[in-house]
Amino acid sequence: MSDEQLLSHLDAAYNLARWLMGNSADAEDVVQEAYVRALAGADRFRGGDQRAWLLAIVRNACYSSHRRQRVRQATDFDETMHGEDTVTPSPEQRAIDRDTGRRVRLAVERLAPDFREVIVLREFEGLSYKQIADVVAAPVGTVMSRLSRARAQLQAALTEDGGRP
Amino acid sequence: MTCEDAERLVEAYADGELALEGTLALEGHVDRCEACAARLVRVRVLKDALRAVPSFRAPEALAAHVRATVAAAPPRHAPAMWTRRRRWQPWLAAAASLAVVSLGLMAVVRQRASLADAATTEAVIEGHVRSLMAGHLTDVASTDRHTVKPWFAGRVDFSPTVVDLASDGFPLIGGRLDYINHHAAAALVYKHREHAINVFAWPQASGAPSHVTRSDARGYHVISWTRGGVVVWIVSDLALAELEQFATRLDAAMHD
């Protein structure tokens with residue numbers, strides 16, 4: 001495994017962190033921490049899928065960060081998540097919300113973390129079920145059922161949204 | 001297939017995660033059942049909508065910081081040749097302990113390794129395209145691995161592991177002799193739906209670390225790894241997730 005390969009996954013690492021942390025400052029901190037962890041534990045990487053291995057480290061760093069924040073501020077994971085991006089929409093905001101990309105983005109942000117991460121890994125990062133299972137440390141069957149429930153929630157949210165004037 | 005089965009499988013189908021048998025059964029059911037066809041459309045509409053969400057890209061400041069972190073980390077694995085020489089020649093070990101010398105050399109070795117990988121990527125894609133264009137996919141056309149494997153005896157200087165992945169939806173089509181980077185390679189050909197997958201294998205020359213690379217040039221996906229002294233490169237125009245699935249199955253079956 002070369003450093004170039006490790007660096008080539010930076011955007012994927014940041015994308016996952018940004019989705020799980022909810023803001024760019026925390027996402028950047030987490031990605032830096034994940035690379036330090038990855039380099040320190042690099043000898044433990046024994047072939048297999050390097051991107052999935054790195055994303056698992058990023059995910060763990062996100063969860064650790066949320067745990068630390070919860071202890072510090074006694075805030076809940078989801079409150080932290082939605083602190084920045086889901087403020088009460090202004091009329092202008094509503095106009096932008098009609099844009100599909102943004103509506104879908106908000107719907108993904110409102111998913112519970114367990115559901116959000118499988119959607120991000122599958123739909124945005126293109127990981128296979130097996131790779132997602134490795135990243136989130138759950139059996140493939142669990143990944144499939146989380147994906148399915150996440151999609152049902154997204155479909156419901158988007159149908160609701162679309163019905164609004 | 002019942003609607004209950006279809007409901008369970010429709011997402012895996014849309015995700016390209018169903019094996020051939022499930023794929024055919026589901027397609028057959030969806031052709032006949034409007035409710036399940038609508039279900040599939042809903043999944044696809046959602047997948048398309050998600051595609052419209054732009055990904056977050058790492059800010060340049062973060063990229064610079066991470067590059068610095070990676071550069072500052074001590075080298076984790078010296079290439080085998082270097083390790084050997086260091087063991088034999090203690091004076092070289094002393095020189096290597098000078099950070100400047102060591103880092104400079106590592107940079108050169110790494111750069112060479114990535115250049116070699118890029119060249120091999122090009123070579124295997126060319127091999128793949130050539131095999132399709134020339135209509136010369138196989139020298140030995142057989143779905144029987146016991147026919148394909150002995151065919152390579154005397155043609156390549158190692159005995160390639162030939163596995164059949166038909167039950168996973170990737171039937172073996174045959175084998176071919178090919179040349180990648182001036183050495184003979186065993187080329188095994190698999191199919192998934194109408195897509196050909198070329199698997200190139202040759203013996204590992206030196207103790208390169210096992211690695212997986214994935215490149216995407218001209219719409220082809222390439223995955224490679226080294227295990228058990230054999231270098232394996234696979235190339236196809238299949239969706240990356242499907243090719244990864246194939247790679248996982250192939251690697252597992254080869255080392256069963």
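Predicted model: local features only at pLDDT ≥ 70, side-chain atom pairs only at ≥ 80, totals over all residues.
**Entry 1: the A/B contact**

I started with where the two chains meet: 45 residues of chain A and 42 residues of chain B take part in the contact. I took two residues as in contact when their C-beta atoms, placed from the backbone, lie within 7 Å. On the chain A side, α1 (3-8), α2 (10-21), α3 (24-40), α7 (100-109), α8 (113-124), α9 (129-136) and α10 (140-163) each supply at least two residues. Sorted by class, that side of chain A has 18 nonpolar, 15 polar and 12 charged residues. For the classes, Ala, Val, Leu, Ile, Met, Phe, Trp, Tyr, Cys and Pro are nonpolar, Asp, Glu, Lys and Arg are charged, and the others, Gly among them, are polar.

Residues are numbered from 1 along each chain as its sequence is written, and chains are lettered from A and ligands numbered from 1 in the order in which they are written.

**Entry 2: chain inventories**

I listed the secondary structure next, with helices (H or I, at least four residues) and strands (E, at least two) being DSSP runs numbered from the N terminus. Chain A has 10 helices and 0 strands, while chain B comes to 9 helices and 7 strands.

Then burial: I call a residue buried if 20 or more other C-beta atoms lie within 10 Å of its own, exposed if 12 or fewer, and partly exposed in between. Buried residues are 40% of the 165 in chain A and 27% of the 256 in chain B.

I also checked sequence separation. In chain A, 64% of the contacts between residues at least 6 apart join residues at least 24 apart. For chain B, residues 24 or more positions apart account for 56% of the contacts with a separation of 6 or more.

**Entry 3: cores**

Which residues have the most contacts inside the largest nonpolar core? They are Ala13(A), Ala17(A), Val31(A) and Val58(A), in a core of 48 residues. A core here is a set of buried Ala, Val, Leu, Ile, Met, Phe, Trp, Tyr and Cys residues joined through C-beta atoms within 7 Å. I followed up Ala17(A): leaving out residues up to four places away in sequence, Ala17(A) touches Ala27(A), Val30(A), Val31(A), Val58(A) and Cys62(A). Apart from that core lies another of 33 residues, including Ala185(B), Val232(B), Ala247(B) and Leu250(B).

**Entry 4: a helix pair in chain B**

I looked at α1 (residues 3-14) and α2 (residues 20-32) of chain B, which pack at about 115 degrees with their axes 10 Å apart. Axes are lines fitted to C-alpha atoms over the stretch in contact, and angles run from 0 to 180 degrees between N-to-C directions. From α1(B), Ala6(B), Leu9(B), Val10(B) and Tyr13(B) meet a set in α2(B) that includes Gly22(B), Leu26(B) and Val30(B). The residues of this contact split into 6 nonpolar, 3 polar and no charged.

**Entry 5: strands of chain B**

I counted strands as paired if DSSP finds at least two bridges between them. Strands β3 (residues 183-192) and β4 (residues 195-203) of chain B run antiparallel with 7 bridges, and Leu188(B) has Val199(B) as its bridge partner in β4(B). They form a hairpin with 2 residues between them, and Arg193(B) in the turn has a positive phi of about 50 degrees.

β4(B) also pairs with β7 (residues 230-236) of chain B, antiparallel over 7 bridges. There Val199(B) stands opposite Ile234(B), and Trp202(B) stands opposite Val231(B). On to β6 (residues 220-227) of chain B, which is joined to β7(B) by 7 bridges, antiparallel; Val222(B) has Val235(B) as its partner. Their hairpin has 2 residues between the strands, and Gly228(B) takes a positive phi near 55 degrees.

Why is β7(B) largely enclosed by the rest of the structure? Because 6 of the 7 residues of β7(B) are buried.

**Entry 6: Ile173(B)**

Last stop was Ile173(B), in strand β2 (residues 172-180) of chain B. Ile173(B) has 19 C-beta neighbours inside 10 Å, so I logged it as partly exposed. Beyond neighbours within four places in sequence, the contacts of Ile173(B) include Leu137(B), Ala141(B), Val189(B) and Lys191(B).
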